[in-house]
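Morning, everyone. Please look at the screen while I walk you through one protein.

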Amino acid sequence: MMDKIVSLCKRRGFIFPGSEIYGGLANSWDYGPLGAELKNNIKREWWKRFVHQRTDMVGIDSALIMNPKVWEASGHLKEFSDPLIECKKCHERYRDGEIEKTCLKCGNSEFTKAKQFNLMFKTFLGPVESEENVVYFRPETAQGMFVNFKNILDTARKHLPFGIAQIGKAFRNEITPGNFIFRTREFEQMEIEYFVKESEWEKHFDKWLEEMRVWLRDLGVKKFYENEIPDGERAHYSKRTIDIEYDFPFGREELYGLAYRADFDLKNHSEKSGEDLSYTDSKTGEKFIPHVIEPTWGVDRSVLVAMLEAYHEEDAPTAEKGEEEKRVVMKFPKWLSPVKVAVLPLSKKENLSKKAQEIYQDLLKDFVCEYDETQSIGKRYRRQDEIGTPYCITVDFESLEDNAVTVRDRDTMKQDRIKIEELKGYLNNKLTI
Ligand code: ATP
């Protein structure tokens, strides 16, 4: 299944191997035109839902490289590591516990003792490569929200409970990246730090869990698992964590996470920075450090799951002349589809092209739209099916007479004849369902 998705992504321009003309770079991937649209649809919807449509949220966009003291206070410098083991024969490296007794490369069963390997990417700030100039690429977006807590309190006029959201890149020098875009060293997160009174954390934890369930449903995910992480296995800062897991073709793995971080971050940043990061209740005058609920979504894992759920191979019984009997169709929820409408003139004849171009240019103002007049109509439908375009518009010779076009539905393959002047209204209706 993964092979099919990877190959479709490459073939149709969703996702390409990174730096491909130079032989690639291990496990790095570039989003092509359709992948960038799909990813942006996810990020845009998330921002709309959790920032714009709520009165208790604000969004930020903070720097990728932060003062290293941030990572000292957050515990990442000390704790953000995985146990690394190395095969004594071929020196292949693994995360401890990742493999059964023998090396996957050479079959040897002797390994070095596990040593902790910090996952943060290091670099130098400025031209001098010295110890005091070492900085790190952020391994999560979360700390950007904590270090701006006071700025936001001072400027955004929010009262508890309220949250700060951010979408952005994070970097982790993973020991064993892989499974396409599931685990990479550079990836994107959508994170929320939601600040609450300690006494109310459970209520808000439950509310965010429900929000995550609704999000998953809207992404087209039919089945997922809520894994309550037991004491002793949670991240160093967390008092309760639920991993949202999904049955990927390579096994059940984490998709998103929901954590109660208590007052760990704000307390530590207060102590280490000397800034007072407490909150004063305007009604009671009570002063305290807020507690935090953190829902986290991986953008790339969202893309992967959306692709896996959308992928269908099916017989095409109503196949027209020139169409193959089998089709691959990406049944994305319509809001996710990278292209919403394709305009396909039946032939390249000049008068048809002209009419089709007019329709296309007009639709472009309202929809992400493609124009395609190469190959047979059957092949063009197949391409649009494979990229998940909900509606194909065929302009035929009759269109010149009756000012109407044929609209084909991706899922049912049924065709409606629609007057050109009613086309936008028709599509708008269909696309908002
Ligand atoms: P895992 O157990 O898979 O390593 P994690 O528990 O380290 O994940 P978090 O620190 O909770 O992950 O990160 C939040 C989210 O960021 C994850 O739920 C996932 O969607 C995403 N994510 C984390 N690491 C990666 C990665 N290397 N590549 C792609 N996405 C990632």
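Helices (H or I, at least four residues) and strands (E, at least two) are DSSP runs, numbered from the N terminus. A caution: this is a predicted model, where local features need pLDDT of at least 70, side-chain atom pairs count only at pLDDT 80 or more, and totals for chains, interfaces and linings use all residues. Residues are numbered from 1 along each chain as its sequence is written.

Now the domains. The protein chain is divided into domain 1 (2-68 + 136-307) and domain 2 (327-431). Those bounds come from an automatic or database domain assignment. The C-alpha centres of the two domains lie 36 Å apart. How many residues of domain 1 are in contact with domain 2? Ten, and they meet eight residues of domain 2. Contact means C-beta atoms, placed from the backbone, within 7 Å. On the domain 1 side, α1 (2-12) and α2 (33-52) each supply at least two residues. Helix α2 gives the most to that side, with five.

Last, Val303. Leaving aside neighbours within four places in sequence, Val303 is in contact with Leu38, Lys39, Ile42 and Ile181.

Note on methods: Two residues are in contact if their C-beta atoms, placed from the backbone, lie within 7 Å.
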